[in-house]
Amino acid sequence: MAPFILTVRPEPDCSLAVAALDRRSVPALAGPLMKSVTIPNSGDPASNDPAIDIPHPSQLGGLVFTSRHAVSGLVAALNSADLGGTNWAKLPVFSVGHATARAAMAAGFANPVIGQGGGAGLVPAIRRKMEGNPAPLFWPAAKDRSFDMAAALAPDFKVIMRPVYRMQPVGRLPDAVLDALAYGRILAVILMSPRSAELFCQQLAENGMDHCRPEIMIIAGSDSIAAAAGEGWRQIFTAKRPTRARLLAIASLVYHRRANWA
């Protein structure tokens, strides 16, 4: 039987990636390693999440969304705080990728300026659009972040960051994925963050499957993700840009040319 490409992104991205690979005649399995948990506007003492101090939209020059989870997190916080009403919909919006842009528009925000390649790919677009505008940008983001938009735009632009969601480990890979690992049927795993790389390695260790490393190829979104995955893999492919389309293209190439990979 043909081997699988494993994707470990949070849902719904995980299932969307499986469907996209299926359209390319690439068998894939979904094994989300994390799930998005919205931080309540009042905070969550049990998880050390502070209350979200949301600025009024009249004080802002624009919104920056680096994931679709940030969109749903901000919407949840605004529903609790009821700050500014529809004034939020009038702000310029910047988003990483088309999926995040679609989520922002579905939530009622303005038509976004779209950047590719992670947060860094959005920086030039923000600089062009916001040139001469001194009002700060609002960046609702994850509690733990691998990219710092505020630092990337400093000192020319002020960025107000507030954590509106956190990524929580799911605890265990699905049985179908563990079975595929046990029978050597995972050809490659797509990793799009250092944390997902660390969690995948942790899952292998906890389930006694570290011996599978020499059988598995890693498709990493960046050098830092590849480094987080460590060594001992069959091969590591690193994308020049951490876009979903590019990583899926690499996965398709790896699968259809699998007989050629040493």
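Q: In which sense, left-handed or right-handed, does α1 pass α9?
A: The crossing of α1 past α9 is right-handed. A crossing is left-handed if the near helix is turned anticlockwise from the far one by less than a right angle, and right-handed if clockwise. Helices here are DSSP runs (H or I, at least four residues), strands likewise (E, at least two), numbered from the N terminus. This is a predicted model: local features need pLDDT of at least 70, side-chain atom pairs count only at pLDDT 80 or more, and totals for chains, interfaces and linings use all residues. Residues are numbered from 1 along each chain as its sequence is written, and side-chain values use heavy atoms, without hydrogens and water.

Q: Why is α1 called oblique to α9?
A: Helix α1 (residues 13–23) and helix α9 (residues 244–256) pack at an angle of about 50°, with axes 11 Å apart. Therefore α1 is oblique to α9, as angles under 35 degrees count as roughly parallel, over 145 as roughly antiparallel, 65 to 115 as roughly perpendicular and the rest as oblique.

Q: What makes strand β7 largely enclosed by the rest of the structure?
A: Six of the six residues of β7 (residues 137–142) are buried, so the strand is largely enclosed. Buried means under 20% relative accessible area, exposed over 50%, and partly exposed in between (1.4 Å probe, protein chains only).

Q: How do you know that β7 pairs with β8?
A: Two strands pair if DSSP finds at least two bridges between them. Six bridges join β7 to β8 (residues 159–169), and these strands run parallel.

Technical notes:
Axes fitted to C-alpha atoms, helices over the stretch in contact; angles between N-to-C directions.
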